[in-house]
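Please examine the structure shown below and follow the account of its helices, its surface and its side-chain pairings.

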Amino acid sequence: MGKETKPTQQEIAMGALAGICSGYLFKKVSKYAAATAVVGYLAVQGASQAGYIKINWKKVNDQIEDLKEDLTDEISEIITDEDTLLLENEGRVKATARRAYEAFKQNAATSGSFTAGFALGILFA
């Protein structure tokens, strides 16, 4: 094993600063994205009501029904083969979890301060 070193104050501070900036930007951008989606939806609805857009509701309903049938078939297959599905993915899940744990363990101070900073950035945005 390699030599364990204590995190420096600089690493912790940089992780926290990066987290605060990321959290702040995430909250600001997500607000604007949500507002843009709402305005877009209202614009399409208004254009539809005004007669500028004609929606083929039969086609929309047919596609929704097709999607429902496809999803029902997929879910039925997953439920039927649940044991096989779990066994096939078990090795990949464990390997991914192990890699994530090792990466976090090596950078615990920076990761922890980033996470705390991210939460603070979201809170105070």
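I20 is a residue of helix 1, where helices (H or I, at least four residues) and strands (E, at least two) are DSSP runs numbered from the N terminus. I20 is partly exposed, at a relative accessible area of 37%; buried denotes under 20% relative accessible area, exposed over 50%, and partly exposed in between (1.4 Å probe, protein chains only). This is a predicted model, in which local features need pLDDT of at least 70 and side-chain atom pairs count only at pLDDT 80 or more, while totals for chains, interfaces and linings use all residues. Residues are numbered from 1 along each chain as its sequence is written, and side-chain values use heavy atoms, with hydrogens and water left out.

With its neighbours within four places in sequence set aside, I20 is in contact (heavy atoms within 4.5 Å) with G117, F118, L120 and G121. The C-alpha atoms of I20 and G117 are separated by 4.3 Å, although these two residues stand 97 residues apart along the chain.

Helix 4 comprises residues 108-124, 17 residues in number, and spans 24 Å from its first C-alpha to its last, close to the 24 Å expected at 1.5 Å a residue. The expected span is 1.5 Å times one less than the number of residues in the helix.

The view may now widen to the whole chain. The protein chain contains 4 helices and 0 strands, and its elements run α-α-α-α from the N terminus on. Of its 125 residues, 6% are buried. Among contacts between residues at least 6 apart in sequence, 85% join residues at least 24 apart. The chain exposes about 10,600 Å², of which carbon and sulfur atoms supply 63%; accessible areas come from the Shrake-Rupley method with a 1.4 Å probe, and for residues only the protein chains shown count as cover.

On the surface, V44, Y52, I53, I55 and W57 form a nonpolar patch with about 540 Å² of accessible area together. Patches are made of residues with over 30% relative accessible area and no salt bridge, like charges being joined within 9 Å and nonpolar side chains (Val, Leu, Ile, Met, Phe, Trp, Tyr) within 5 Å. One member, I53, is found in the loop between helix 1 (9-50) and helix 2. I53 is partly exposed, at 33% relative accessibility.

How many salt bridges does a search of the whole structure find? The search finds 2, a salt bridge being a side-chain nitrogen of Lys or Arg within 4 Å of a carboxyl oxygen of Asp or Glu. In one, the side chains of D62 and K58 meet at 3.2 Å, N to O. D62 and K58 are separated by about one helical turn because they are 4 residues apart in helix 2 (residues 57-80). D62 is partly exposed at 36% relative accessibility, whereas K58 is exposed at 58%.

K68 forms a salt bridge with E65, their closest N and O atoms being 3.2 Å apart. K68 and E65 are 3 residues apart in helix 2, so about one helical turn separates them. K68 is partly exposed, with a relative accessible area of 45%, and E65 is partly exposed, at 37%.
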